[in-house]
Amino acid sequence: IDVDGSLRLLIPAGTLLSAEALIIRRATDLGNLMDKYPGMRLLGPVYDIQLANGSRLYAPVTVSFRYSGASGTDSRRIAVYRLDEQRGMWMYIGGNIGTEGIITVQLSGFSKYAVIENSNLLLFSDIPTDRWSKDAIYSLAYQNIVNGVRINGTVCFLPENNITRAE
């Protein structure tokens, strides 16, 4: 499913009982939503992706978002976020940045999503963009559950180290 060339959903066979079960809209009722999040900047529209009542996903869906970032933007700070309206905050989802302003994620559920550049996101020098656990690590860092260690002025995560009870 392609929406305006800026959002694409790849839905495997058997994931939805019917295409009519999917509702996709650009969220327009945002007002001053981003004012509450200094350091975070929308790089595209906020999409409200929902399932019709009684529908459910039977497998994850691959979703690709087109975004526009300024030249010189650190791509490690760009990710897909989900708006948690109950908690009133954006939740880091992550994603794989491809070519020409496309970021792709696997979603097991739907909500409001956007591509956001977060200048406050703690970056770890030893976590490459293609590491299998990158999204989980940065999700924990975004929630202040982990904060890495400083080694010679550089913030590292040390993913291959054992964790101590104190840590």
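Helices (H or I, at least four residues) and strands (E, at least two) are DSSP runs, numbered from the N terminus. With that settled, I opened the notebook on this predicted model, where local features need pLDDT of at least 70, side-chain atom pairs count only at pLDDT 80 or more, and totals for chains, interfaces and linings use all residues. Residues are numbered from 1 along each chain as its sequence is written, and side-chain values use heavy atoms, with hydrogens and water left out.

**Entry 1: the cavity**

On a 1 Å grid over the protein atoms alone, a cavity is a set of points where a 1.4 Å probe fits but cannot get out; a pocket is an open set with protein on both sides within 12 Å along at least five of seven lines; and lining residues have an atom within 4 Å of a point. Grid points are joined across faces, edges and corners, and a volume is the space filled by probe spheres set on the points.

My search of the whole structure turned up 1 cavity of 30 Å³ or more. The largest cavity holds about 30 Å³ of space.

**Entry 2: the pocket**

Next I looked at open space. The largest pocket has a volume of about 360 Å³. I listed 13 lining residues, with Val146, Gly148, Phe157, Ile163 and Glu167 nearest the centre. By class, the pocket lining splits into 8 nonpolar, 4 polar and 1 charged.

**Entry 3: aromatic pairs**

Then came the rings. Rings of Phe, Tyr and Trp (its six-membered ring) pair if their centres lie within 6.5 Å; planes under 30 degrees apart count as stacked, over 60 as edge-to-face and the rest as tilted. Across the whole structure I found 6 aromatic pairs. Tyr81 and Tyr142 have ring centres 5.4 Å apart and planes at 70°, so I logged the pair as edge-to-face. Tyr81 sits in strand S7 (residues 78–84) and Tyr142 in helix H1 (residues 134–142), so this pair ties together parts that are 61 residues apart in sequence.

Are these two tyrosines buried or exposed? Buried means under 20% relative accessible area, exposed over 50%, partly exposed in between (1.4 Å probe, protein chains only). Tyr81 is buried at 0%, and Tyr142 also counts as buried at 16%.

I took Tyr92 and Tyr138 next: their ring centres are 6.4 Å apart and the planes at 45°, so the pair is tilted. Tyr92 belongs to strand S8 (residues 89–94) and Tyr138 to helix H1, 46 residues apart. Both are buried, Tyr92 at 5% and Tyr138 at 2%. Ring pairs join Tyr81, Tyr92, Phe124, Tyr138, Tyr142 and Phe157 into a cluster.

**Entry 4: helix H1**

I stayed with H1, whose buried residues are Lys134, Ile137, Tyr138, Ser139, Ala141 and Tyr142. These pack (contact means heavy atoms within 4.5 Å) against strand S4 (40–42), S7, S8 and strand S11 (112–118). After H1 comes Asn144, with a positive phi near 60°.

Definitions and conventions:
Ala, Val, Leu, Ile, Met, Phe, Trp, Tyr, Cys and Pro count as nonpolar, Asp, Glu, Lys and Arg as charged, and the others, Gly among them, as polar.
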